[in-house]
2 protein chains.
Amino acid sequence: LLQLTLPGTDLPQRALDLARRTEHPSVLNHSLRTFLYASLHADSMSSESGEVDRELLFVACVLHDVGTADVYNGEQRFEVDGADAAADFLRNEGRPQHEIDSVWEAIALHTSPGIAERLRPLTRLTRLGVLADFGQAERIFPQEQTAIEVMYPRLNVERELGNRVVRQALARPQKAPASSWPGILLAAHKLCPQWERVNAAF
Amino acid sequence: LLQLTLPGTDLPQRALDLARRTEHPSVLNHSLRTFLYASLHADSMSSESGEVDRELLFVACVLHDVGTADVYNGEQRFEVDGADAAADFLRNEGRPQHEIDSVWEAIALHTSPGIAERLRPLTRLTRLGVLADFGQAERIFPQEQTAIEVMYPRLNVERELGNRVVRQALARPQKAPASSWPGILLAAHKLCPQWERVNAAF
């Protein structure tokens, strides 16, 4: 059976602690599923794309939506606020600049379709992990998905995540430029402000 | 008075020839104005962000919309098809991989708001040049703008560029993911297919 084994040193544990302290449980679970899917992709692609650092992959995946946490809600789109928060975390951990830059890129670009998939393995795998958890990936078997969702239940993540991004954007419109994922979520919300189900643009 | 001086070796001239052969005149002029604005930004920011390679800045700016040329219209969003075309050009010129990667990034991300501005100087300056030509930049004086637009007239670039991106996307919807610039242009077109002025999402 699948299980979560934190890779490498205790850096991943501290990243997980940070996510646990700051993120909504549905976002945390989504982030952990994203790592498991990204790892499955990494296993099946290692011959194509070279080895990826599993510790950094964990950090990027577990913190990829940390910009939706209230404490990291700044002036920028949530992807970039989150990338900055992860970069600060790694800097405090004393990690080298090239590791900080690659995790920053993976998080900042995780909602950039057709671009993230073409960038470095860490960015590509983080994106593929996110897509897998939203039903848009190949190479994931239904029994893997079931096992992963039993471990980390979905808790209506699409609604929670969409609502959090929209709530941030309503307070600070510069967080949602039109041609961005926050932007299309905000536009859909404005078309139907009373809509209570998952954002139509999710 | 402002004028276009091609920087460095004859690489810029060959990039310009490529753009002239393949791009619509309005897109070509926009690309040249983008370089001039990006250069003005580079002049005023050199103390902040270090020196940028002016040759590569010219290549990135003059080819940033080359994905709208019919000959480079492939399966990916036009920004990425264009980035690949520019990378092929530089590879044929024998340029090193780090230069190819940085021009690729500048072109692929030129429509990514809030992200391109945070990346390397080449990516940031290309983005700022594009924004300046669409009236969204600081540090540009009206007399500079007038001089630049006399040299390279606008030729209704907003309508031409928007229409080209939409036409490509209508033929291959995968070129326009929802949360992308092509995606919001396509969505606006579908709302008002008879609209003849500049795309409402431009």
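The lining of the largest pocket divides into 28 nonpolar, eight polar and eight charged residues, where Ala, Val, Leu, Ile, Met, Phe, Trp, Tyr, Cys and Pro count as nonpolar, Asp, Glu, Lys and Arg as charged, and the others, Gly among them, as polar. The model is predicted: local features need pLDDT of at least 70 and side-chain atom pairs count only at pLDDT 80 or more, whereas totals for chains, interfaces and linings use all residues. Residues are numbered from 1 along each chain as its sequence is written, chains are lettered from A in the order in which they are written, and side-chain values use heavy atoms, with hydrogens and water left out.

**Pockets**

A pocket is an open set of points on a 1 Å grid over the protein atoms alone, where a 1.4 Å probe fits and protein lies on both sides within 12 Å along at least five of seven lines; lining residues have an atom within 4 Å of a point. Points are joined across faces, edges and corners, and the volume is the space filled by probe spheres set on them.

| Largest | about 1000 Å³ | A187(A), I184(B), A187(B), A188(B), L191(B) |

In the largest pocket, 44 residues form the lining. Helix 8 (157-171) and helix 9 (181-191) of chain A, together with helix 8 (157-171) and helix 9 (181-191) of chain B, are the elements that give two or more residues to this lining; helices are DSSP runs (H or I, at least four residues) numbered from the N terminus. Helix 9 of chain A provides the largest share, eight residues.

**Relation of the chains**

Chain A is superposed on chain B by a rotation of 180° with 0.0 Å of shift along its axis (RMSD 0.0 Å), fitted by least squares on the C-alpha atoms of residues with pLDDT of at least 70 in both. This is the relation of a two-fold axis. The same surface serves both copies, since 100% of the contact residues of chain A (heavy atoms within 4.5 Å) recur in chain B.

**Helix 3 of chain A**

Among the buried residues are E55(A), L56(A) and F58(A). At the start of the helix, a side-chain oxygen of D53(A) reaches to within 2.9 Å of the backbone nitrogen of E55(A).

Methods:
Buried < 20%, exposed > 50% of the residue type's maximum accessible area, 1.4 Å probe, protein only. Polar contact = N/O pair within 3.5 Å; in protein donor to acceptor, adjacent residues only side chain to side chain.
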